[in-house]
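Please open the structure in your viewer and keep the selection tool at hand. Each stop below names what to select and then describes what is there.

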Amino acid sequence: MKIVVVGCHGQMGKPISRFVDARPGMELVGGVGPAGRDYIGKDLGQVVGLGRDLGVPVVDDLESVIDECDALIDVSSVEQCLETLDLAVAHGKALVTASTGFTPEQFARFEEAGNHIPVIFKCNTSKMVNVMLKLVETAARALADECDIEIIDQHDRDKLDAPSGTAVIIGNMIAELKGTTLDELAEYGRVGHGSRKPGGVGFHSLRAGDITSDHKVYFGGMGERLEITHYAYSDDCFARGAVDCAAFLEGKPAGVYRIQEVFGLA
C-alpha cells in the first residue's frame, strides 16, 4: 500500500512517516509541505528523520504526487486538508485525516466525500483514547442524569483549537445520550459568580509548554466522583493509529468509516 503524508514535517507528520516506512506492506511514496519551507525539495527520508534517502523529494504541490499513492494521510492545517479532500475525491484516493478545528459545514464536505472515496475523519487516532471513549459512554449512560460532568483537555502551548477535538467528541456523545445538543449543554470555562448550569457539561482547556495530550472526564456526584483519564506521553500513539486507519481502508469501497471499526470497538 503506497502512502503520501500531507504535513510530513509536522509534529504528527514525522512519526506517521516513520511508522509507514517501518510497516510491512506499506511504502512511503510522497511527502507534502507548505510552499516556501526550507525542506521543500529535500529527500523525504531525511526530512522525517529516517536517516537515509528514499529517493523521494518533499513537494509543496500534492497534485504532482497524488497519483503515486493508494491513500493519503493528512495531518496539516484545516485549509490544506480541505484542498487534500478535494484532490482525493478527484483522483479517487482513500483519505485519513487526524486534523481538528473544522466547522460543521466543513465536516459535511467529508461526509459527502464518502460517496466517492473511503474516508476516516473527525476522530482521535489513538487506540487507548478510543477505549477511553467507550468507558466514558458507559459511565455517561449510567450517570449523566445524576452527576455534574466536567471535561478538561491539556495540550501544548501552540495548539490552535480549544476545546480539543477529542473533548468536543466526548461532549457531543454525552449530549446525544441526554437527547439534546452540545450547544445547549456546554459551559466553556467560568468567569465571575453564579451557580453551575443544571445538567451542563463544563469544558476547560489548558495550554502550556510541550504537553502532548491529556484528557480527563469528571463525573461529580454527592460524596463521590469518577474520573476517566487518558495521558499521551508522545505523538507516537496518534501516529501509529493514523497508519492503522490507512491500512484499514485498503481495498474498502467508498464510504465514511469510523475509527471504532479500525480498532474493533464498534
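Predicted model: local features only at pLDDT ≥ 70, side-chain atom pairs only at ≥ 80, totals over all residues.

Residues are numbered from 1 along each chain as its sequence is written, and side-chain values use heavy atoms, with hydrogens and water left out.

**The sheet**

Select the strands of the open sheet, whose 6 members follow the order S2-S1-S3-S4-S5-S11 with parallel pairing. Strand S2 (27-32) and strand S11 (255-256) are at the edges with a single partner strand each, so one side of each has no neighbour in the sheet. Helices (H or I, at least four residues) and strands (E, at least two) are DSSP runs, numbered from the N terminus; two strands pair if DSSP finds at least two bridges between them. Next, select strand S1 (residues 2-6), which is joined to S2 by 5 bridges and runs parallel to it. Val 4 has Gly 30 in S2 as its bridge partner.

**Helix H5**

Move to helix H5 (residues 127-143), whose 17 residues reach 24 Å from the first C-alpha to the last, close to the 24 Å expected at 1.5 Å a residue. The expected span is 1.5 Å times one less than the number of residues. Select Ser 126, which caps the N-terminal end of H5: a side-chain oxygen is 3.3 Å from the backbone nitrogen of Met 128.

Which residues of H5 are buried? They are Val 129, Asn 130, Met 132, Leu 133, Val 136, Ala 139 and Ala 140. Here buried means under 20% relative accessible area (1.4 Å probe, protein chains only). Their cover includes helix H6 (165-177) and helix H8 (236-249).

**The nonpolar cores**

A nonpolar core is a set of buried Ala, Val, Leu, Ile, Met, Phe, Trp, Tyr and Cys residues joined through side-chain atoms within 4.5 Å. Select Ile 3, Ile 16, Ile 73, Ile 120 and Phe 219, which touch the most other members among the 61 residues of the largest core. H8 supplies the largest share of this core, 8 residues. Another core, of 24 residues, lies apart from it and includes Val 29 and Phe 110.

Finally, select Ala 144, in the loop between H5 and strand S6 (148-155). Ala 144 is buried, with a relative accessible area of 8%. Leaving aside neighbours within four places in sequence, Ala 144 is in contact (heavy atoms within 4.5 Å) with Ala 139, Ile 149 and Lys 178.

Key: Buried < 20%, exposed > 50% of the residue type's maximum accessible area, 1.4 Å probe, protein only. Polar contact = N/O pair within 3.5 Å; in protein donor to acceptor, adjacent residues only side chain to side chain.
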